[in-house]
Amino acid sequence: MLKIWTDGSCLGNPGPGGWAFIATNGTETAERSGYEKNTTNNQMELTAVIRALNAARKHNEVEIHTDSQYVKNGTQIWLAQWKNNNWKTAAKKPVKNKELWQQLDAIVQTKKIHWVWVKGHAGNEMNERCDELARHAAESAK
């Protein structure tokens, strides 16, 4: 199974931001990153997962490691409720980052995804490397 680590970073929130992912099949590893000039941390966290899953289009089953509770809970818990509520939160407010959530939802429907939450900045080697890539990308956006 393809294992993927993702991370997003933002300098200022909103401000310049970066996203990154690392994917490995056990023998080969690929790193990708990019940036946006004006964004938020949550947008970069979502973008990292979207970019990673788009890159993994040949894989029907993947394991996503993220330090973002926003992404993990959003996908596993909130997304179905938002869709049922016409993209409104439980408080009847519009869902933030709706377009990114819709992109992610479309991809998630085509794959079996195992979500793994990892504590950020806690020494997980792949998460730390992903954080470094995302921060570097965000700095490039300045």
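Modeller: Helices, labelled H, are DSSP runs of at least four residues and are numbered from the N terminus. This is a predicted model, and in it Lys92 lies in the loop between H2 and H3.

Colleague: What is the phi of Lys92, and is the residue buried or exposed?

Modeller: Most residues other than glycine have a negative phi. Lys92, although not a glycine, has a positive phi of about 70°, and because exposed means over 50% relative accessible area, its 62% relative accessibility places Lys92 in that class.

Colleague: Which residues does a cis peptide bond join?

Modeller: Most peptide bonds are trans. Here a cis bond, with omega of about 15°, joins Asn13 and Pro14, and Pro14 sits in the loop between strand S1 (2-10) and strand S2 (15-24). Asn13, which is in the loop between S1 and S2, has a positive phi of about 45° without being a glycine, and with a relative accessible area of 44% Asn13 is partly exposed.

Colleague: How many aromatic pairs are found, and why is the pair of Trp82 and Trp101 edge-to-face?

Modeller: Planes over 60 degrees apart count as edge-to-face. The search of the whole structure finds 4 aromatic pairs; among them, Trp82 and Trp101 have ring centres 5.1 Å apart and planes at 70°, so this pair is edge-to-face. The pair links distant parts of the chain, with Trp82 in helix H2 (residues 69-84) and Trp101 in helix H3 (residues 98-108), 19 residues apart. Trp82, at 10% relative accessibility, counts as buried, as does Trp101 at 0%.

Conventions:
Residues are numbered from 1 along each chain as its sequence is written. This is a predicted model: local features need pLDDT of at least 70, side-chain atom pairs count only at pLDDT 80 or more; totals for chains, interfaces and linings use all residues. Side-chain values use heavy atoms; hydrogens and water are left out. Rings of Phe, Tyr and Trp (its six-membered ring) pair if their centres lie within 6.5 Å; planes under 30 degrees apart count as stacked, over 60 as edge-to-face and the rest as tilted. Helices (H or I, at least four residues) and strands (E, at least two) are DSSP runs, numbered from the N terminus. Buried means under 20% relative accessible area, exposed over 50%, partly exposed in between (1.4 Å probe, protein chains only).
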